[in-house]
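Have your viewer ready, and colour by residue class if you can.

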Amino acid sequence: MVETLIPDAFTKLAYQTLQQGKAAFGLAHKTFSTRALKAAAATGLIAASSEGSSSDISAEIIQLVRGRYDQLIRVDWEDAEKGVYPRSLLFDDAWDDFAKYYPALCLDLPQIWNRAQQKVSREFAPEIDTAGLPNYYTQNFHHQTDGYLSDRSAQIYDLQVEILFNGAADAMRRRILAPLKAGLEVFKDEIPQNTRILDIACGTGRTLRMIRGMLPKVKLHGVDLSNAYLRKASQLLSQLPGELPQLAQGPGEALPYLDNHFHAITCVFLFHELPAPIRQQIMNEAFRVVKPGGTFVICDSVQLSDSPDLGMMMDGFSDTFHEPFYRNYTRDNLVDRLQTSGFVEVTESVHFMSKYLVAKKPLYGQ
Ligand SMILES: C[S@@+](CC[C@H](N)C(=O)[O-])C[C@H]1O[C@@H](n2cnc3c(N)ncnc32)[C@H](O)[C@@H]1O
């Protein structure tokens, strides 16, 4: 196996170099695209810039964020080195998507810019049918063209997120893997083929892909409101060996599954995009469908209580990226909410720009 033949030091260097390259690319993309958009706005080609607030970030904050980025990359490598997940996962980037869709991502920027400047937040292509979808959901989150509701949005989404986080989005997602694996220990007598894991709001399937890499034999399920994102997930996941994950269209707040069905549940980058009552409903539903003794692992944005020094950045993010529920999210008490749903042993941690909550459903009689 290649993994065991290549010396650790070389793999580590390759991973660090890859991450540095992704970080530099993300920064360069943002710098040049902002300059180009401002120049186009100045000549009247696109909407005039309505920049009100200063986007200046202090040197201390840049230093703090850099330190956190480095810490994330360090622990990501350490978990791979320990064998929590295979080292190959560190290199599982969507290079073919990058080559295919980076031009589309760039060509879409003027539309995103126009929506942002003109404060347009519910604009969809005429063929998109929003009937039956919740009102809070039918928006252009991040000013994305078509919100989450078209194939072209699904094709460029992973690249957009990777660029937003300077190449750290997957590394942040991978932080759920160690607690997920540890949480499954309680079911160690179960054969992997009978172990069921659900990813709520699975989007394009990045998290399911990582779980498949770590636990090749378990049964994987994903649920999401977007058919377009599920189509993309199906395409990405069907490239992998092993049983095809089962994907379902539906809302996290009314999960289409039986009570006590899953051994573990994950949820990545969802809660900051929900109104507070829906956050609670989804936690209640996670509690209902996870087995007693099962684990719920959440990865989402950091909150004010985790990082008061990033408060200004967080409030700016809410407006700049059209995240209508983000401000409320950053002030919410997610531990209280999980406990209200019935979860126990709730723990919290922070890596780079994300926080992680791990919670257990009590075993019968506990
Ligand atoms: C920011 S994306 C995160 C996707 C994915 N988990 C990831 O790591 O990239 C949010 C996802 O949540 C889905 N979503 C939003 N509200 C939902 C809800 N109430 N129930 C199910 N999915 C929802 C969206 O369609 C989208 O795919």
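In what follows, Ala, Val, Leu, Ile, Met, Phe, Trp, Tyr, Cys and Pro count as nonpolar, Asp, Glu, Lys and Arg as charged, and the others, Gly among them, as polar. With those classes, the shell around the ligand splits into 11 nonpolar, four polar and five charged residues. Please keep in mind that you are looking at a predicted model.

Which residues come nearest to the ligand? Out of the 20 residues around the ligand, they are A201, G203, S226, G252 and V268.

The domain assignment of the protein gives domain 1 (2-169) and domain 2 (173-360), and the C-alpha centres of the two lie 20 Å apart. Where they meet, 38 residues of domain 1 are in contact with 34 residues of domain 2. On the domain 1 side, the elements that give two or more residues are α3 (59-82) and α5 (151-164). The largest share of that side, nine residues, belongs to α3. By class, the side of domain 1 that touches domain 2 holds 22 nonpolar, 10 polar and six charged residues.

Helix α3 also packs against another helix. Two packed helices are described by the angle between their axes and the distance between the axes. For α2 (residues 8-42) and α3, the axes come within 11 Å and cross at roughly 145°, and the crossing is right-handed. From α2, the contact uses D8, K12, Y15, Q16, Q19 and A23, while α3 brings Y69, I73, W77 and E81. Five of these residues are nonpolar, two polar and three charged.

Now let's look at the sheet. Its seven strands form an open sheet in the order β3-β2-β1-β4-β5-β7-β6, with mixed pairing. Each of β3 (246-249) and β6 (344-351) stands at an edge with a single partner strand, so one side of each has no neighbour in the sheet. On average, and ignoring direction, neighbouring strands here are turned by 15° against each other.

What is the bridge partner of E348 in β7? That residue is L357. To finish, find helix α7 (residues 177-184), which lies across β4 (262-268), β5 (290-301) and β7 and runs at about 175° to β5.

Notes. Residues are numbered from 1 along each chain as its sequence is written. This is a predicted model: local features need pLDDT of at least 70, side-chain atom pairs count only at pLDDT 80 or more; totals for chains, interfaces and linings use all residues. A residue is near a molecule or strand if its C-beta atom, placed from the backbone, lies within 6 Å of it. Domain bounds come from an automatic or database domain assignment. Two residues are in contact if their C-beta atoms, placed from the backbone, lie within 7 Å. Helices (H or I, at least four residues) and strands (E, at least two) are DSSP runs, numbered from the N terminus. Axes are lines fitted to C-alpha atoms, for helices over the stretch in contact, and angles run from 0 to 180 degrees between N-to-C directions. A crossing is left-handed if the near helix is turned anticlockwise from the far one by less than a right angle, and right-handed if clockwise. Two strands pair if DSSP finds at least two bridges between them.
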